[in-house]
Amino acid sequence: MSHLKVLAVIPTYNEADNIAALIDALYGLKVRGLEALIVDDESPDGTSAIVEGLIKEGRYHGLRLLTRAGPPGRGWAGRDGFLEALILGADFIVEMDADFSHQPRHVPELLAAMKDCDLAVGSRFVWGGADRERGLSRRLITKAANAFARGALDLPVLDCNSGFRCFSRKAMEAIQPETLKSRGPSIVHEVLSRAQAAGLRIKEVPIEFADRRKGDSKLSLWRLAEGYWWVLKARLSRP
Ligand SMILES: Nc1nc2c(ncn2[C@@H]2O[C@H](COP(=O)(O)OP(=O)(O)O)[C@@H](O)[C@H]2O)c(=O)[nH]1
Ligand SMILES: [Mg+2]
């Protein structure tokens, strides 16, 4: 009997210390139809070689690697991953980070929420959610960026910085990933504002956002500024 296909789209840049454990944890959930697509930007630390090795081993059904040759970017990698997921026939698409900030144990909860929505957003800021990022400054940066984007664009969720989300196929098609423009992390806002404009039913699901397990964040001051700039431009171009 055929079953629904759930594709976890995971952008990676230098996640060699996390990726094998993450893939193992995801497949360990034993969610029916769940497969993972890793979207790597030629990480110098050999992330893609690790994934290729796992694919060769054949232990994880449907595990795939998309290697981007173009200029790197969290946003562009997300866009290419979404497009590939549609081509692969995904019924549901889970977007998540590779560093265990987005804990695999929440994936079944996001999927369960799809009963009555088109887009489930893993949220730190609804009842039952938590932000366990290390360092007060990092948590404050998250709060400020979130408040700015939410206020400026009137976004319909409390955690609009969250890149831990589940889309139905219909939702992803309505978002039209082929025309997404963000190179960097502002893709989270771009996708959310498109979902809102398309009238999709969006639901927040509480998650505990953990600190990255290994390696370093790629969020820089420059990328943060880029994110603010994107929100500002989007605000100004609204009617
Ligand atoms: N493919 C790709 N993935 C990226 C890039 N930058 C960040 N990522 C991935 O996006 C996710 C979030 O990045 P991270 O550095 O943890 O940002 P933070 O959570 O905001 O500190 C992780 O899985 C990263 O490996 C990039 O330029 N290309
Ligand atoms: Mg992270």
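The following conversation goes through a predicted protein model.

Trainee: What should I know before starting?
Mentor: This is a predicted model, in which local features need pLDDT of at least 70, side-chain atom pairs count only at pLDDT 80 or more, and totals for chains, interfaces and linings use all residues. Residues are numbered from 1 along each chain as its sequence is written, while chains are lettered from A and ligands numbered from 1 in the order in which they are written.

Trainee: How many helices and strands does the protein have?
Mentor: There are eight helices and nine strands. These are DSSP runs numbered from the N terminus, with helices being H or I of at least four residues and strands E of at least two.

Trainee: Why does the radius of gyration agree with a compact globule?
Mentor: A compact globule of 239 residues would have a radius of gyration near 18 Å, and the protein has 17 Å, so the two agree. The radius is taken over C-alpha atoms, and the globule rule is 2.2 Å times the number of residues to the power 0.38.

Trainee: What is the strand order in the open sheet?
Mentor: The seven strands follow the order β3-β2-β1-β4-β7-β5-β8, with mixed pairing. Its edge strands are β3 (64–67) and β8 (202–206), each pairing on one side only. Two strands pair if DSSP finds at least two bridges between them.

Trainee: And which strand is joined to β1 by four bridges?
Mentor: That is β4 (residues 92–95), which runs parallel to β1 (residues 6–12). Within β4, I93 is the bridge partner of L7.

Trainee: How do β2 and β3 pair?
Mentor: They pair in the parallel sense over four bridges, and L37 stands opposite R64 in β3. The chain passes from β2 through helix α2 (residues 47–57) to β3 in a right-handed β-α-β crossover. Right-handed means that, with the strands pointing away from the viewer, the path from the first strand over the helix to the second runs clockwise.

Trainee: New topic: which residues have the most contacts inside the largest nonpolar core?
Mentor: They are A8, V9, I10, L37, F92, I93 and V94, in a core of 58 residues. Such a core is a set of buried Ala, Val, Leu, Ile, Met, Phe, Trp, Tyr and Cys residues joined through C-beta atoms within 7 Å. A residue is buried if 20 or more other C-beta atoms, placed from the backbone, lie within 10 Å of its own.

Trainee: What is A8 in contact with?
Mentor: Leaving aside neighbours within four places in sequence, A8 is in contact with L26, L34, A36, L37, V94 and M96. Contact means that the C-beta atoms, placed from the backbone, lie within 7 Å.

Methods
A residue is buried if 20 or more other C-beta atoms lie within 10 Å of its own, exposed if 12 or fewer, and partly exposed in between; C-beta atoms are placed from the backbone. Two residues are in contact if their C-beta atoms, placed from the backbone, lie within 7 Å.
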